[in-house]
Amino acid sequence: MSDPSQRCTASGHEIPELDPRTRCPQCGGLLEIRHAPPGVSGAALRRLFDERGGGGGTGPHASGVWRFREIVLPTAADAILTYPEGNTPLLARRAVAEWVGAPGLLLKHEGHNPTGSFKDRGMTVGVTQARRVGATAVACASTGNTGAALAAYAALAGLPALVIVPKGQVALGKLAQALAYGARTLVVAGNFDRCLELADQASVELGVYLLNSINPFRLEGQKTIVLEALQQLGWEPPDWIVVPAGNLGNTAAFGKALTEAREWGLVARLPRIAAVQAAGAAPFALSFREGFARRHRVEPRTLATAINVGNPASYDRAVRAIRETDGVVIAVPDDEILEAKAVVDAAGVGCEPASAASVAGARQLIRAGTVRPGDRIVAVLTGHLLKDPAAVTHYHQEIEPPPPRANRPVEIEPRLSDIAKQLTAARLPAS
Ligand SMILES: *Cc1c(COP(=O)(O)O)cnc(C)c1O
Ligand SMILES: [Zn+2]
């Protein structure tokens, strides 16, 4: 098996696998990992992955990322640095499916990763690669979850980490994690896009290894969200995969995972990707409506902080993902995201606001007739409920008048009769 290489998606220029630069040295374009075909394909490749099981044991194959290592990073071998991560559940929940209007809806819950978001899948590969190239420090710009994941995996690797975040725009749980895991956390007066420019500059001029999703090794790890979901479905692809879309790393990774899966015979046909943006941060949806005639940049503004991105870095890669899967890109308003979140939360599942964009998006696509109610849909929940506790208390306790699904805490006198009264109220079925 020959080593993977990194190829510029703009100019085609190739650099070796162990080159630490995260952009094309000739034109500054984004890089993509090119794999040699794995030694086996089709049923034999499926069997190889299936025999490694779903999370047992203690070696790298206990990871839902490294179980697929032949098509993620086959050369990592002894350098693999894993928590382990992945092995996230695929959930069927009637209350959510009914709200969406699609009985076959499944939720791939990436909030079950070690630091509570899918970013761990990218970071296990990214930090493994940082060690392989001999990095002395790692850095990222972050709306929160990338920083949390980088901080944790840098601690695992024993590498110093810089996390650059926009002031006042990072949810409490995520900031707490970056501090707790020991990253040097730099708070910038500016938005995420500005933080990313700074991180990019720092990687070129200060020699720190950049671990934003422009880093192609991150995307190799994030491909496994899709690979693992396909495996959980017995390699029978769904009709749609719905994903929240911010900086577009995941959208790009999903497209790459699917086209490779077809090329190597893991699946015979491709699901369609639906990328869902928040209406206040929807430059990709704007481009899609114009047939991707041009790239847009907006001043982003959404409560779903993880997708509050105005100039998505992986734009070109994501355009290809949408084209190759006959996908769609839509935008959903914040109030629908919050309603979807309340439905997911009250089903006992729970997710952070950005994650609920996929559920709100699935509902919009059903209503528009783009997706049929009988279609098999996998909606990705990208992050855990506790990432953003302020969003929860705001929705349930602070919005006036209370939204229909608000669950206000009730103050009572310290007596049994008050509890009895509340017991009757609690027995009413939730709306
Ligand atoms: C990073 C993130 C996203 C956005 O993913 P992109 O790859 O940037 O499009 C969505 N939801 C959560 C919870 C995230 O952490
Ligand atoms: Zn190039």
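This is a predicted model: local features need pLDDT of at least 70, side-chain atom pairs count only at pLDDT 80 or more; totals for chains, interfaces and linings use all residues.
Trainee: How do helix 3 and helix 7 pack?
Mentor: Two packed helices are described by the angle between their axes and the distance between the axes. Helix 3 (residues 119-132) passes helix 7 in a right-handed crossing. Residues of helix 3 that meet helix 7 include Gly122, Val125 and Gly126, and on the helix 7 side Gly221, Thr224 and Ile225 are among them. The angle is about 140°, and the axes are 7 Å apart.

Trainee: Which residues come nearest to ligand 1?
Mentor: There are 15 residues around ligand 1. One of the nearest, Lys119, also belongs to the residues of helix 3 that meet helix 7. The nearest are Lys119, Asn145, Gly246, Asn250 and Thr382.

Trainee: Which atoms lie close to the oxygen atoms of ligand 1, and how much of ligand 1 does the protein bury?
Mentor: The side chain of Lys119 has an N or O atom 2.6 Å from an oxygen atom of ligand 1. For a polar side-chain atom of Asn145 the distance to a ligand 1 oxygen is 2.7 Å, and for a backbone N or O atom of Leu248 it is 2.9 Å. Ligand 1 taken alone exposes 380 Å², and the buried part of that is 96%.

Trainee: What is the order of the open sheet of 3 strands?
Mentor: Strand 1 (residues 5-8) is joined to strand 2 (residues 14-16) by 3 bridges, and strand 1 pairs with strand 3 (residues 31-34) over 4 bridges. Both pairings are antiparallel. Strand 2 and strand 3 are the edge strands. The order is 2-1-3.

Trainee: Which residues stand opposite Gln6?
Mentor: Strand 1 pairs with strand 2 and with strand 3. In strand 2 the residue opposite Gln6 is Ile15. In strand 3 it is Ile33.

Trainee: Where is Trp235 found, and what is its phi?
Mentor: Most residues other than glycine have a negative phi, and most peptide bonds are trans. Trp235 is in the loop between helix 7 and strand 10. Its phi is positive, near 65°.

Trainee: Which residues does a cis peptide bond join?
Mentor: Pro84 sits in the loop between helix 1 (42-51) and strand 4, and its cis bond has an omega of about 15°. Pro401 is in the loop between helix 13 (389-398) and helix 14 (416-427), with omega about -10°. The joined residues are Tyr83 and Pro84, and Glu400 and Pro401.

Methods. Residues are numbered from 1 along each chain as its sequence is written. Chains are lettered from A and ligands numbered from 1 in the order in which they are written. Side-chain values use heavy atoms; hydrogens and water are left out. Two strands pair if DSSP finds at least two bridges between them. Helices (H or I, at least four residues) and strands (E, at least two) are DSSP runs, numbered from the N terminus. A residue is near a molecule or strand if one of its heavy atoms lies within 4 Å of it. A polar contact is a pair of N or O atoms within 3.5 Å; within protein, one must be able to donate a hydrogen and the other to accept it, and residues adjacent in sequence count only if both atoms are side-chain atoms. Accessible areas come from the Shrake-Rupley method with a 1.4 Å probe; for residues, only the protein chains shown count as cover. Axes are lines fitted to C-alpha atoms, for helices over the stretch in contact, and angles run from 0 to 180 degrees between N-to-C directions. A crossing is left-handed if the near helix is turned anticlockwise from the far one by less than a right angle, and right-handed if clockwise. Contact means heavy atoms within 4.5 Å.
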